[in-house]
Amino acid sequence: MNNNSEKKFLTSFDKSYSAHIFFKKPDKYREIENHSRSNESIITIGSNYSYAPMGFDKNSLAIDLSSFNRIIDFDLDKKEITVEAGLKIYDFLKFTLKYNLWLPQVPGYPFITLGGIVATNSHGKSCGTHGTIRKSIKKIKLFHKINGWLDLSENKNKEVFDLTIGGLGLTGTIVAITFKLTELGSGTFETHTEEVKSFGDCYKKIADNKDEETFAYSWNRADNIKNFGTGFIYKNKLKNNNKTNGYLREIKQKKISNFLPLSLWNSLSVNIANNIYYKIQKMQKNKLNEDLIQVIFPYIGRESYFKLFGPKGFIESQILVSSKNIEIFMDEFLNIFKKHSPVITLFSLKNMRGEHNYLRFEDNSVCVSFDFTNTKKNMEFMRLVDKLCVKHKAIPSIIKDSRLDQKTVNDCYVYYQDFKNKLKNYDNKRVYQSAISNKLDL
Amino acid sequence: MKYLIIGASSGLGRELAYEYAKNKHDLVLVSRDLRDLAAIKSDLEKKSEIKVEIIELDLNSEPEIEKNLFIERFFNEIDGILFPIGMMFDDDKIGLDQEKMKKLFKANFTSIAFIISKFLNSLSSKQGEIIGFGSIAAYLGRKLNPYYSASKRALESHFESLGFLSKKTNLKIQFYVLGYMDTNLAFGKKLKLPKGSPKKLARIVYKNRNGKFKKIFFPRWWGLVAMILNLVPIKILFFMDKIFK
């Protein structure tokens with residue numbers, strides 16, 4: 001590895017992978033070029049909040065773009081903004097909200113970088129309405145060690161543009177992005193809470209939500225078979241005539257990656273926590289006002305949830321299942337749940353809108369999410385869930401679930417081979433590599 | 001008020017640009033790479049409602065300096081100049097190639113003195129500010145970076161001389177002697193002492209800018225290190241170097 005790199009011990013957010021890695025932190029454009037050329041294998045790192053190790057690998061030089069956090073251009077009339085990829089969502093929204101504009105597809109934590117959300121094709125709570133971030137990307141400026149500076153858009157280098165969105169950072173360093181912004185009529189949401197008695201009841205109510213202006217998602221119990229699927233549906237609707245006033249509540253970035261030395265999540269504690277949460281929700285009014293941060297960044301103020309997973313961390317599984325297959329998928333899921341009694345800490349449903357291609361987690365489907373503790377029993381349970389995904393043509397998220405192996409991804413992602421071939425064709429030395437790309441043989 | 005920042009594209013220079021912009025001052029930013037300057041300009045203008053001019057300039061070229069900086073408008077408009085620049089070479093050792101030696105002296109000392117000399121009259125007529133940045137490396141001859149430290153020692157001496165001038169004129173002269181800073185110059189280097197924050201220094205520089213003459217160590221405790229280095233006879237330092245080899 002080259003000189004003047006900083007060596008750090010880094011762990012993925014889900015704690016599944018750790019390695020000593022070498023860093024470079026350019027703060028000039030020519031340094032991006034020089035550092036990229038100084039090493040055979042490289043990868044760009046954002047804030048390292050990806051659950052799976054997307055931004056580093058023990059054999060790759062990690063290029064940290066956090067100094068590239070500037071607003072390059074802003075056109076209020078066109079509602080377009082060009083920003084550098086190291087800018088964090090929170091700082092981005094602080095600027096755009098002054099003009100009552102935003103990106104609705106941002107993920108649930110505000111300190112993720114914009115380069116990261118492009119590389120992962122992120123989505124937010126409103127993905128049933130707004131789809132993924134792909135919908136808002138107009139242009140990308142990319143640097144590739146061999147191919148140099150590239151401008152990507154629907155009209156220019158389209159194939160690389162498509163490979164880059166949701167391409168896990170494997171096409172090069174995303175340096176700047178032009179987004180099409182969406183108007184935000186209000187800074188306050190009205191949240192309606194509705195109780196659901198079973199998974200079927202929940203799914204039906206989520207699927208029936210045809211209101212384009214409402215973001216619907218659920219919280220369901222999965223701590224035992226008796227109460228599986230009971231819970232609540234939350235429907236966030238923007239309050240009319242209540243402009244954002246350019247205001248985004250001040251929040252501070254906390255260190256959330258320091259998990260406790262032992263796991264406090266087990267079947268008993270999950271049951272107790274779920275009972276408490278359930279009772280609190282039941283006692284609360286079924287209609288309340290929430291600000292933008294409460295709605296789009298649900299983990300703010302609830303960071304301790306992750307810490308309780310302890311040193312072995314957690315796995316989040318997020319699966320897209322077609323509405324045609326969701327009922328049979330969940331029936332079979334429940335059968336293996338009965339046999340294995342996994343410890344699931346969180347279970348949730350929402351709608352997803354989009355078009356699946358390459359490695360993008362995107363489709364017109366139902367998005368099922370659940371978190372579980374990293375134990376042998378749960379891993380066995382998940383191996384059976386993987387088989388269910390293959391059987392029912394469901395798509396498990398690579399970004400979230402670091403456990404997924406190459407075979408499962410190959411079987412579930414119909415465009416996996418196409419992505420791999422096109423990537424190789426574009427970069428036959430396969431310069432940009434992360435722990436996940438190595439695991440998935442990309 | 002309008003300030004000229006030479007070396008504004010990264011590290012301390014970039015932090016100074018943001019600090020002065022935050023305080024609503026128009027800026028003229030100078031650096032070798034227009035791409036970096038353009039990004040800072042647009043970001044500052046979008047966020048701070050100030051005017052920013054950018055100039056791509058190689059401080060090794062006197063004709064370029066003359067052509068781009070020594071223009072009537074700048075003499076009239078600029079109220080202060082900051083020089084947060086420092087050039088280093090990894091192979092800077094005794095016997096360094098002559099071209100590189102020249103480059104080091106031009107970037108770290110000669111061109112700064114040249115720019116100051118041309119702006120001296122216009123700045124002293126309006127209580128202008130000149131702010132320079134040296135290095136603790138200038139306090140002792142060394143095996144690594146000897147030409148860098150020599151050029152910084154020349155710069156410090158020059159600012160001390162300007163200090164005399166500030167007593168007789170309206171000029172405000174500030175000089176900062178920097179220890180290890182958390183910038184790209186120190187990135188990846190195994191340093192035995194902690195690094196100072198450029199953001200914090202930028203705030204201090206802005207706060208102090210109205211003093212007549214000040215020489216300040218940053219972080220502060222480097223002043224003590226400098227004092228010890230000045231007190232200990234050089235022969236003892238040579239002897240210690242021999243022992244710890």
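A: Helix 1 of chain B is mostly covered, with nine of its 12 residues buried. The model is a predicted one. The buried residues are B:Gly11, B:Leu12, B:Gly13, B:Arg14, B:Glu15, B:Leu16, B:Ala17, B:Tyr20 and B:Ala21. An α-helix has 3.6 residues a turn, so residues three or four places apart point the same way.

Helix 1 of chain B reaches 17 Å from its first C-alpha to its last, close to the 16 Å expected at 1.5 Å a residue. After the helix comes B:Lys24, with a positive phi near 65°.

What packs against the buried residues of helix 1 of chain B? Four strands of the chain are listed: strand 1 (2-6), strand 2, strand 4 (78-83) and strand 5 (129-135). Helix 2 and helix 7 (198-208) of chain B pack there as well.

B:Asp36, B:Leu37, B:Ala39, B:Ile40, B:Lys41, B:Asp43 and B:Leu44 are buried in helix 2 of chain B. Just after this helix, B:Glu49 has a positive phi of about 55°.

The cover over helix 2 of chain B comes from both chains. From chain B it includes helix 1 (11-22), strand 2 (26-31) and strand 3 (52-56). From chain A it includes helix 1 (29-37), strand 5 (71-75) and strand 6 (80-84).

That leads to the interface. Here 16 residues of chain B are in contact with 15 residues of chain A. Helix 2 of chain B gives the most to the chain B side, with eight residues. The residues of that side divide into three nonpolar, six polar and seven charged.

Now cross into chain A. Chain A has 14 helices and 19 strands. Of its 442 residues, 50% count as buried. A compact globule with 442 residues would have a radius of gyration near 22 Å; chain A has 21 Å, which agrees. Its C-alpha atoms fill a box of roughly 60 × 50 × 40 Å along the principal axes. Among contacts in chain A between residues at least 6 apart in sequence, 73% join residues at least 24 apart.

Between them, 29 residues of domain 1 are in contact with 29 residues of domain 2. Helix 2 (89-96), helix 4 (127-130) and helix 5 (158-164) of chain A each supply at least two residues of the domain 1 side. The residues of that side divide into 11 nonpolar, 13 polar and five charged.

Strand 18 (residues 365-373) of chain A is mostly covered, with eight of its nine residues buried. Strand 16 (residues 314-321) of chain A pairs with strand 18 in the antiparallel sense over eight bridges. In that strand, A:Thr373 is the bridge partner of A:Phe314. Strand 17 (residues 344-352) of chain A also pairs with strand 18 in the antiparallel sense, over eight bridges. A:Ser348 stands opposite A:Ser369 of strand 18.

Notes. Residues are numbered from 1 along each chain as its sequence is written. Chains are lettered from A and ligands numbered from 1 in the order in which they are written. This is a predicted model: local features need pLDDT of at least 70, side-chain atom pairs count only at pLDDT 80 or more; totals for chains, interfaces and linings use all residues. A residue is buried if 20 or more other C-beta atoms lie within 10 Å of its own, exposed if 12 or fewer, and partly exposed in between; C-beta atoms are placed from the backbone. Two strands pair if DSSP finds at least two bridges between them. Two residues are in contact if their C-beta atoms, placed from the backbone, lie within 7 Å. Ala, Val, Leu, Ile, Met, Phe, Trp, Tyr, Cys and Pro count as nonpolar, Asp, Glu, Lys and Arg as charged, and the others, Gly among them, as polar. The radius of gyration is taken over C-alpha atoms; the globule rule is 2.2 Å times the number of residues to the power 0.38. The expected span of a helix is 1.5 Å times one less than its number of residues.
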